[in-house]
Amino acid sequence: MKKNYFKNYTPYFYILPSIILLVCLYIYPLIHNLTKSFYRFSGGKGIFIGIENYKYLILKDPITHSAVLHNIEILIVVPILLILSIFFAVLLSEKIRFVKVYQTLLFIPFIISIVVVGLVFGRLLRLDGIINFLLGKTGLGVLARDWIGRPRYAIFALMLVIVWKELPFGIVLFMAGISNINQEIYEAAKIDGVSWWQNLIHITIPQLKSVMNFYVVYNVMVVFAWIFTYVFVMTNGGPGNSTTVLELQIYNLAFRKNMMGLSSALAILLFIMVFIFIYMQFRLRKGIMEES
Amino acid sequence: MLSLKAKLSKIPIHIILIIYSIISIFPFYYVIVTAFKTKEEIYKNIYAPPAKWTFANVITLYTEYGFLRSTINSIIITVLSILITLIVAVFAAYAYSKMEFRAKRFLLSLTVALTGVPIMVVIIPVYVLMSRINMLDSYVGISFIYATFMLPFSIFLLSSFFRSIPEDLLNAASIDGCNRFQLLYKIILPLSKPVITTLIVVNSLWVWNDLLIALMFIRKSEMLTVNVALNSIGGRYANNPVLIQAGALFVAIPMILVFIFGQKYFVKGLLAGALKE
């Protein structure tokens, strides 16, 4: 009897270390942020101010507003990534030679650290860099400019690098999606004499619908909550505040301006946004599982 | 046998893929050719391979800029954090996949849901906590942070793999006298080599390449990881591109090796989060 009693509790010993670590790094900080978000700190003392921090961030703070707008502007990369990754995945799924070689080469951006990428593109995007040189050679010289140094264009430089680096994941995802499509559908279409284009538009793309849903939501999440390092390394929010994004604003409020209350409140707002995305993604993943 | 016409129709596809491959590797090419040029040559010849290859930049980087120490730091932190994650995740996944207990489903879905929580949302309170208990600039401290951020994904991947191991196999072994712990390391772990390799490849890439956490939790120059060291060299010696690109090269190379040897596992790991339960 005693042994049985012990047995019932054994599973908890197995999961206990993971629970302790996860509570310390996820649950405690969330609670900590939530409490701090109702305070204003001055001289090491906290004064309870209710929802004033949230009110300020949502209604007044110009830098936070422009940060949100920059995140929204960067959302342009979502459709670009979607179209390009389907395009390349379709090409790589054709029965061609050297697929493995191409796949390895085009994966390189994904595995190089953002610090390295930032330092290299910093050079390539300079006024005398190769990107402006190529623009000049192809008759697009009017487009040549100091991409990172000018407030209006720095955000486009960021988007270019994000697309360049994040695209391989999408390609691999859609290649897997394409290889999961039932071959019988294509064989049936072949008998009906369906062309390559019709195959693509009427079979491949509709069959990828659930992967597309997943990928779009995933990238929206990336743009709102996982691009800190790109911004920090390439522009550090500048010139001026022209490329500040939500994550950088949370970081700056805490470390550069020492406004812990505001920083915590903004972290909570970002968490709520991401929570909505996670919930959507969970529903979509469930959809994928039910289909397959 | 493909007809000639079918073969010719593939040519545009190859042209597009070759152009895209060049775009993908050009920055890395730039890193290599710059890293081995002299400081003078860089102004005359930016993109072509060096007229005379020199290792001076690499030597300076490692001897005068503390890059050797940073590389050792990065290796220690990567290995230690992956070890911690694997040990903690294996036990948790074993319980979640092969044992029955109350609140199991709830705890597992909560753990997996944490995969998506952005680091920036939780990291500042962790920083405050760690500085209060004097765990900044510590291998163990930062490794536990990395390990914990890798846990949700690792537990998710391991528990779904463990679930696929047939009960009959475990029942037979336990009739032969294996206890719960022996089942884990005699039966389950040997079968799990592929999924563990996947976790090592994916996680080492993430830890090695991370900037944010290393930036916050390491202050002393002798504790810097390669990416933080490179970032500060990039900021401070912007007029010395050959040195910067030599650093960039040696930050990138280890992960390119990991990727080349573990490509199959790496792709599997990426897809696991998206396509499979």
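Chain B has a mean pLDDT of 91, and 97% of its residues reach 70 or more. The model scores ipTM 0.92 and pTM 0.92. Residues are numbered from 1 along each chain as its sequence is written, and chains are lettered from A in the order in which they are written. In this predicted model, local features need pLDDT of at least 70 and side-chain atom pairs count only at pLDDT 80 or more, while totals for chains, interfaces and linings use all residues.

Turning to the interface, 63 residues of chain A are in contact with 66 residues of chain B (C-beta atoms, placed from the backbone, within 7 Å). Helix 1 (residues 2–36) of chain A supplies the largest share of the chain A side, 16 residues. That side comprises 52 nonpolar, 8 polar and 3 charged residues, where Ala, Val, Leu, Ile, Met, Phe, Trp, Tyr, Cys and Pro count as nonpolar, Asp, Glu, Lys and Arg as charged, and the others, Gly among them, as polar.

One helix pair links the two chains as follows. The axes of helix 6 (residues 114–124) of chain A and helix 2 (residues 11–35) of chain B come within 10 Å and cross at roughly 90°. Val117(A), Val120(A), Phe121(A) and Leu124(A) meet Pro27(B), Tyr30(B) and Val31(B) there.

Notes: Two residues are in contact if their C-beta atoms, placed from the backbone, lie within 7 Å. Helices (H or I, at least four residues) and strands (E, at least two) are DSSP runs, numbered from the N terminus. Axes are lines fitted to C-alpha atoms, for helices over the stretch in contact, and angles run from 0 to 180 degrees between N-to-C directions. pLDDT is the predictor's confidence in each residue, from 0 to 100.
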